[in-house]
Amino acid sequence: MNERTLSIIKPDGVQSGLVGEVIKRFEKAGFKIVAMKMVHLSKEQANEFYAAHKGRSYFEGLTDFMSSGPSVVVALEGQNIVSKYREMMGATDPVQAAEGTIRKAYATDGRQNVVHGSDSRETAAFEIGYFFSAFELVGP
Ligand code: ADP
Ligand code: MG
């Protein structure tokens, strides 16, 4: 069944000129892009977007990082896209990430790891709604 997921090319990815590389991987994999834009999150927005991680040791560093520069947010659609895209990203920490994944190839460390991906359909619905209104998501 078709589902959607949210990708973010994080500030380190934009800074390192990896927007084209990540989008190329989506196109090669046949992921359908249903919305895309550049945003520079404020600290408050980063806190809100990552609210589920509040209280974790890495939370402050994460939201400082995510508000440090522009990101590109992309909504993707496809069969099992949540797990397919998480496979493409690789593990959170590049040391653990599998060969051929985006994070293995480009991440600096467990924080500056180039891309975000929703971890479930439910999270994806919240995350896509955080950035895009219904009319910004292209139809079939
Ligand atoms: P993922 O992005 O793989 O879904 P999490 O949801 O666990 O990973 O964490 C969200 C983000 O928080 C990570 O992508 C990373 O930027 C940051 N993060 C997670 N764990 C750590 C950590 N131990 N140290 C530093 N940053 C972390
Ligand atoms: Mg996550």
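This is a predicted model: local features need pLDDT of at least 70, side-chain atom pairs count only at pLDDT 80 or more; totals for chains, interfaces and linings use all residues.
Local features need pLDDT of at least 70 and side-chain atom pairs count only at pLDDT 80 or more, while totals for chains, interfaces and linings use all residues. Residues are numbered from 1 along each chain as its sequence is written, and side-chain values use heavy atoms, with hydrogens and water left out.

**Exercise 1.** Determine which residues have the most contacts inside the largest nonpolar core, and which elements supply it.

*Solution.* A nonpolar core is a set of buried Ala, Val, Leu, Ile, Met, Phe, Trp, Tyr and Cys residues joined through side-chain atoms within 4.5 Å; buried means under 20% relative accessible area (1.4 Å probe, protein chains only).

1. The largest such core has 19 residues, and L6, I8, M66, A75, F131, F132 and L137 have the most contacts inside it.
2. At least two residues each come from β1 (2–9), β2 (32–39), α3 (43–49), α4 (59–66), β3 (71–79) and α7 (121–131); these elements are DSSP runs, helices being H or I of at least four residues and strands E of at least two.
3. The largest share, four residues, is that of α4.
4. Another core, of 18 residues, lies apart from it and includes L18, I23, V72 and V74.

**Exercise 2.** Describe the lining of the largest pocket by class and by element.

*Solution.* A pocket is an open set of points on a 1 Å grid over the protein atoms alone, where a 1.4 Å probe fits, with protein on both sides within 12 Å along at least five of seven lines; lining residues have an atom within 4 Å of a point.

1. The largest pocket holds about 510 Å³ of space.
2. Of its 24 lining residues, Y50, H53, Y58, L62 and H116 are the closest to the centre.
3. The lining has eight nonpolar, eight polar and eight charged residues.
4. Two or more residues each come from α3, α5 (81–89), β4 (115–117) and α7, and α7 gives the most, three.

**Exercise 3.** Locate N113 and state whether it is buried or exposed.

*Solution.* 

1. N113 is in the loop between α6 (102–106) and β4.
2. Its relative accessible area is 1%, so N113 is buried.
3. The side chain of N113 reaches the backbone oxygen of T92 at 3.1 Å.

Terms used:
Chains are lettered from A and ligands numbered from 1 in the order in which they are written. Buried means under 20% relative accessible area, exposed over 50%, partly exposed in between (1.4 Å probe, protein chains only). Grid points are joined across faces, edges and corners, and a volume is the space filled by probe spheres set on the points. Ala, Val, Leu, Ile, Met, Phe, Trp, Tyr, Cys and Pro count as nonpolar, Asp, Glu, Lys and Arg as charged, and the others, Gly among them, as polar. A polar contact is a pair of N or O atoms within 3.5 Å; within protein, one must be able to donate a hydrogen and the other to accept it, and residues adjacent in sequence count only if both atoms are side-chain atoms.
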